[in-house]
Amino acid sequence: MRFELTDDQHDLARALEGLLASSDTVAVARAWADDDTGPGLGLWKRVADLGVTMLATEASLVEVAVAFEALGRHAVPGPWVESAAYLPVALGHEVEGVATLALPPHVPLALDADVADHVYVGTTPVAADAVGPRHVSVDRTRRLFEVSGTGETDPAAFDAAVLATSAQLLGAGERVLADAVTYVKQRKQFGREIGSYQAIKHALADVRIALDFARPLVFAAALGEVSPSAAKVACADAAYLASRTGLQVHGAIGYTAEFDLSLWITKIRALVTAWGTPAFHRERLLQDLVAGGTR
Amino acid sequence: MDLQLSESELAFQAEARAWLAANVPAEPLPSLDTPEGWVLHQEWEARLAAARWSVVSWPREYHGREASLVEWVIFEEEYYRAGAPLRVSQNGIFLLAPILFDHGTQEQQDRFLPSMATGEQVWAQCWSEPEAGSDLASLRSTARRDDVRGGWVLNGQKTWSSRAALAHWGFGLFRSDPEAQRHAGLTYFLFPLDADGVTVRPIAQLDGEAGFAEIFFDEVFVPDADVLGGVGAGWNVAMSTAGNERGLSLRSPGRFCAAADRLVDLWRASDDATSRAVTQAGVVDAWVKAQAYRFYTWGTVTRLAAGGDIGAAGSANKVFWSELDIALHETALDVLGADAELESRWLDGYTFSLSGPIYAGTNEVQRNIVAERILGLPREPKGVQK
């Protein structure tokens, strides 16, 4: 019983953090949203070179969770859940290049299908001409496309994708909290830092608590000790609380597209319903519970 | 990273489960805040102690079995899963004992721990005063030096003292240096509640039972042997978290997991389709949060086993479980529908849960601690001190 990352897992987290922190991921994400996918594809290669796309098949879901928390913290754009979680588990091997998929009803549209090297419906590859019209997401870095075709859902792969999305939400929530804490320590009103007021303190303390208690579910799910739906429910709630609170404590500046916080506020909203809505995951948990299961 | 129990931990779990299955009373005991329930809970403690299950992590000479922290958590999971009685001795074994182990003299440990472990002597905590609640350091009850008799004379009033109506001993802070400010000049005392000059007045709680009391001290003599830790060091002694390696200041996750499982059963058995539909999300969320608390605790246990301490994370912990406890019981009452107002185990649990965000430091105080010590936010300017 040692419920903590190993040294190797910490090393992976540090390596990714080092790469992403020095890659101006905000600029990459903004370019991606503007259809300038060059910087994002360059970053994709550097992240893949660290081994992120092979973690699901060569390491374990714990490493996958570590990686996706970092991707979420840095708002890295692109179909990572598809390429580094769902497809490697479904296909049983690492995916070369950028791959994406649609998986109705939970994943009705495929992310970035116009730049992907491989497009699937479920685990069935489809031709480039299967890619249809584009839709606009609240998260402008999520470039969504209709894809025609049919395919099966791989349950283990779906769970891996749910877990990866949960970890991404956790990382995004952590980022919003960190930025909010920094801001309220600097911003002064009525003669003192707004972070010294209890109204602000208690709201941010609740975010800290929600994230702290969502995290263990991510890693317990990665170890197969609890349903990934539990992780998704908790991470969606915690990250969403972070986004609402983060926006509120920033005031009007937080409500601008120009301010970088907007990347995470919109991403969190999109991820809350990605790979199974909260209602779907709660229903799934309840059915499992009533049947006497869940872990 | 793993959540696997070792062979010996699994054996410990099996032994605990078997003993509890054979010994836990089939019918719930009467409330421990009634005289008849009190006696039955004390007898239960004695039975636990005779089989070395009352304080598993303690040394053998004090009725323990030197269980590891992991084993303690396992025992607690089994205890609540078995539906075993509330612990009448919990103020002593969970709150005072860790401090006795860290700051008590050998003589004090030998004198107090065995009878605490068997439930023979039940302890009450005496922190709050009428004018000192969240601002505990403003407490006014005094301890005056008595060199002739070799001890201290206590005067003042404590209130909201859990279990004090029926308990045998109390522990609390008194101002031993009238010149010192706030946290300085406080001393931690142990005192029998039947001592000359002590008056205990029970207070009926929300459920009508005398779960706590106010205590008046009128020239109560306490010998030097019953000072815990150094004179004037009471604040640090009381707030020390070093006792956490014994795990006993953790709130057991087993309690919430067992309650969440019972909530799922209650929901499944309901034949009110409307109530089931409306409460569905609440049932799932209670279960998810109980699991979150359980896995979080395994993380804490891992850190403690590696020599870390809980520190300010204990405050995050307290906010989380106290809110979970209320939400879980509110959902249960919603499932019960019109019967929710009637006496039941769920109603008892609900009423008890309402005290969670208040006792052991209000959740407002805990959120301040999380914000200032974990997030590093600036302290609020202090108000006028009196």
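**Helix packing**

Reply: Helix α3 (residues 69–81) of chain B packs on helix α7 (residues 253–269) of chain B at an angle of about 35°, with the axes 7 Å apart. The model is predicted: local features need pLDDT of at least 70, side-chain atom pairs count only at pLDDT 80 or more, and totals for chains, interfaces and linings use all residues. Residues are numbered from 1 along each chain as its sequence is written, while chains are lettered from A and ligands numbered from 1 in the order in which they are written.

Me: What hand does the crossing of α3(B) and α7(B) have?

Reply: Two packed helices are described by the angle between their axes and the distance between the axes. Here α3(B) passes α7(B) in a right-handed crossing. That means the near helix is turned clockwise from the far one by less than a right angle. Axes are lines fitted to C-alpha atoms over the stretch in contact, and angles run from 0 to 180 degrees between N-to-C directions. Helices are DSSP runs of H or I, at least four residues; strands are runs of E, at least two.

Me: Which residues make the contact of α3(B) and α7(B)?

Reply: α3(B) brings E76(B), E77(B), Y79(B), Y80(B) and R81(B). α7(B) brings P253(B), G254(B), R255(B), C257(B) and A258(B). Contact means C-beta atoms, placed from the backbone, within 7 Å.

Me: Which residues of α7(B) are buried?

Reply: They are P253(B), G254(B), F256(B), A258(B), A259(B), A260(B), L263(B) and W267(B). Buried means 20 or more other C-beta atoms within 10 Å of the residue's own; exposed means 12 or fewer, and partly exposed lies in between. These buried residues pack against α3, α8, α9 and α10 (345–353) of chain B.

**Chain contact**

Me: How many residues does each chain give to the contact?

Reply: Chain B gives 36 residues and chain A gives 39. On the chain B side, α7, α8 (273–305), α9 (313–336) and α11 (363–374) each supply at least two residues. α8(B) gives the most, with 14 residues.

**Backbone angles**

Me: Is A75(A) buried or exposed?

Reply: A75(A) is buried, with 24 other C-beta atoms within 10 Å.

Me: Which peptide bond is cis?

Reply: The bond from P104(A) to P105(A) is cis, with omega near 5°. P105(A) is in the loop between β1 (99–102) and β2 (110–111) of chain A.

How values were computed: Contact = placed C-beta atoms within 7 Å.
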